[in-house]
Amino acid sequence: MQLSEIENILFDGKPLEVSQAAKETMSNSFGFLKEFAKDKIIYGITTGFGPMAQYRVDDEDIRALQYNIIRSHSCGAGEPFPELYVKAAMLARYHTFVRGKSGVDPYALELLQTFINKGIYPVIPQHGSVGASGDLVQLAHMALALIGEGEVFYQGERRATADVMKELGITPLKPTLREGLALNNGTAMMTGVGIVNLHYAKMLLDYALIASVMINEIAGSYDDFMAKELNDLKNHEGQSVIAEKMLQVAKDSSCMRKRTVEMFHHHEEKVFTHKVQPYYSLRCVPQILGPIYDAFKFTEKILIEEFNAVDDNPVVDMDTQTVYHGGNFHGDYISFEMDKLKIATTKLAVLMERQLNYLCHDRINGILPPFLNLGTLGLTYGIQAMQFTACSTTAECQALSNSMYVHSIPNNNDNQDVVSMGTNSAILAKRVIDNCYQVMAIHYIALVQAVDCINIQDKLSPFTRGIYDEVRQIVPKFIEDTPKDADIQNVIDYLRNKKTNIL
């Protein structure tokens, strides 16, 4: 599956369909493993788990073993994941099983499909995974729901799974051979969270590009910082793409100055009132957002590879008629990418906060009232306090951007002696992305207020004028001081739900 196909299911509500070929492949894999496992030592089927793999499990206890790993590992803590992230994790687990390399009962696939399509989301606590034997704890909570235990979110309510399944006529999964291990052994949680993170981070990059055009319109900047001839000389794809897209967004704007025209004018003044070159947060946008674009592009590559991977252990291979024991459950690929994603998103937040500061600081911009205050200076305060929120939130992003990938802690009797902490990395990236939407919303409120301060609405490019109009429908021009917390949240909702599709 490609990202667009995944997004259609996650965000657009497209039903998940299981092909007959996938069912047959799973059925064949399941049948092969049942025969192959007889009288053999296979991890997690005829042995215990982790360091307990040295202990044989009797044939009559195989089913109990699968129940035990689900129940014993359902020990997560903290707030549950939002439903969207759980849906993404279920989709990732489903897609591993589709490959037919897990040897699980085909009903497990059917049940995952049913949960996804009917909007049944297991309650999965956020804390518990070290991301090495995969997301054992979080995925155990997913498996717990599939066997009819634990809790789920359904139609906005948190309910006992057994009640929901009975109400909908759904038969719980009865693990027989290795369904318990296969369900909770892999990178599905971190990959699912990572996919959702990437979706929202890419939208933030679009919004940062639009904001950067609009602030240069407000400043009346010279346009040559976006020139293709200039940016292509840097040899980086991301920088060239950002510059090209900025030119498209700025097309037909009457606000920006053309360097190629004005540089040939005769000038006699000794001090130029208009800045020859604007501050870096305005002029160096292609150089700042370019690496972020490149980073997101590579993160997408890794996430899609992982999503389509066989990521559990052991792996059942009918082609070679054997079962391989290895470490495909290890989450280093996702952990590393989520670290990079959150660092890139933090830099994006830093850029937006610095642009916001430019708008607020009258002695820097030279054209706007302090804090975009359209009221009585000293009596009213404009967006002065909103800048505090943006500054505080950006600072938290900076603190959260320390690497999780390098923080391995041995555990499990040192069986898991090098771990990825991939889900922790994905969770921290989610927090940074959520924070960045807060900064972005405040910046957009400031941008449209700045446009009103100097009355350039009709000079904006058609694209940025459209954004201005949409934001103004949410937050009208303000002169008097009023609480802005609800306005900020409303703009966040607007940004998260709007489809920009620029990059």
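This is a predicted model: local features need pLDDT of at least 70, side-chain atom pairs count only at pLDDT 80 or more; totals for chains, interfaces and linings use all residues.

Colleague: Fine. Which residues of α6 are buried?
Modeller: Leu-136, Val-137, Gln-138, Leu-139, Ala-140, His-141, Met-142, Ala-143, Leu-144, Ala-145 and Leu-146. Helix α6 covers residues 136-146, and eleven of its eleven residues are buried.

Colleague: What follows α6?
Modeller: Gly-148 does, with a positive phi near 85°.

Colleague: Let me step back. How many helices and strands are there?
Modeller: The chain has 20 helices and seven strands. Its C-alpha atoms fill a box of roughly 95 × 50 × 45 Å along the principal axes.

Colleague: And how much of the chain is buried?
Modeller: 56% of the 503 residues count as buried. The chain exposes about 22000 Å². Carbon and sulfur atoms supply 51% of that area.

Colleague: What about charges? How many side chains are positive and how many negative?
Modeller: There are 46 positive and 60 negative ones. The centres of the two sets lie 3 Å apart.

Colleague: Give me an example. Where is Ile-69?
Modeller: Ile-69 is in helix α3, residues 62-73. Ala-140 is one of the buried residues of α6.

Colleague: Is Ile-69 buried or exposed?
Modeller: Buried, because its relative accessible area is 3%, and the cut-off is under 20%.

Colleague: Which residues does Ile-69 contact?
Modeller: Phe-49, Gly-180, Leu-181 and Asn-184, leaving aside neighbours within four places in sequence.

Colleague: Switching to sheets. In what order do the three strands of the open sheet come?
Modeller: The order is β2-β4-β5, and the pairing is antiparallel.

Colleague: Which strands stand at the edges, and why does one side of each lack a neighbour?
Modeller: β2 (120-122) and β5 (157-160) do. Each has a single partner strand, so one side is left without a neighbour in the sheet.

Colleague: By how much are neighbouring strands turned against each other?
Modeller: By 35° on average, direction ignored.

Colleague: What holds strands together in general?
Modeller: Strands of a sheet pair through backbone hydrogen bonds, either parallel or antiparallel.

Colleague: Back to this sheet. How many bridges join β4 to β5?
Modeller: Four, with β4 spanning residues 151-154. Glu-151 stands opposite Ala-160 in β5. Tyr-154 has Glu-157 of β5 as its bridge partner.

Colleague: What sits between β4 and β5?
Modeller: Two residues; the strands form a hairpin. Gln-155 in the turn has a positive phi of about 55°.

Colleague: And how many bridges between β2 and β4?
Modeller: Three, in the antiparallel sense. Pro-122 is partnered with Val-152 in β4.

Colleague: Which strands does helix α4 lie across?
Modeller: α4, residues 83-98, lies across β2 and β4. The helix runs at about 90° to β2.

Colleague: OK, where is the cis peptide bond?
Modeller: A cis bond joins Asn-313 and Pro-314, with omega about -5°. Pro-314 lies in the loop between α14 (285-307) and β6 (315-317).

Colleague: What is the phi of Gln-321?
Modeller: About 55°, a positive value, although Gln-321 is not a glycine. The residue lies in the loop between β6 and β7 (322-324).

Colleague: And Leu-372? What is its phi?
Modeller: Near 55°, also positive. Leu-372 is in the loop between α16 (362-365) and α17 (384-400). Leu-372 is buried, with a relative accessible area of 0%.

Colleague: Last stop. Which helix holds Leu-400?
Modeller: Helix α17. Leaving aside neighbours within four places in sequence, Leu-400 contacts Lys-342, Leu-428, Arg-431, Val-432 and Asn-435.

Colleague: How far apart are the C-alpha atoms of Leu-400 and Asn-412?
Modeller: They are separated by 27 Å, with the residues twelve apart along the chain.

Note on methods
Residues are numbered from 1 along each chain as its sequence is written. Side-chain values use heavy atoms; hydrogens and water are left out. Buried means under 20% relative accessible area, exposed over 50%, partly exposed in between (1.4 Å probe, protein chains only). Accessible areas come from the Shrake-Rupley method with a 1.4 Å probe; for residues, only the protein chains shown count as cover. Lys and Arg count as positive and Asp and Glu as negative; His and the chain ends are not counted. The place of a charge is taken as NZ of Lys, CZ of Arg, CG of Asp or CD of Glu. Two strands pair if DSSP finds at least two bridges between them. Axes are lines fitted to C-alpha atoms, for helices over the stretch in contact, and angles run from 0 to 180 degrees between N-to-C directions. Contact means heavy atoms within 4.5 Å.
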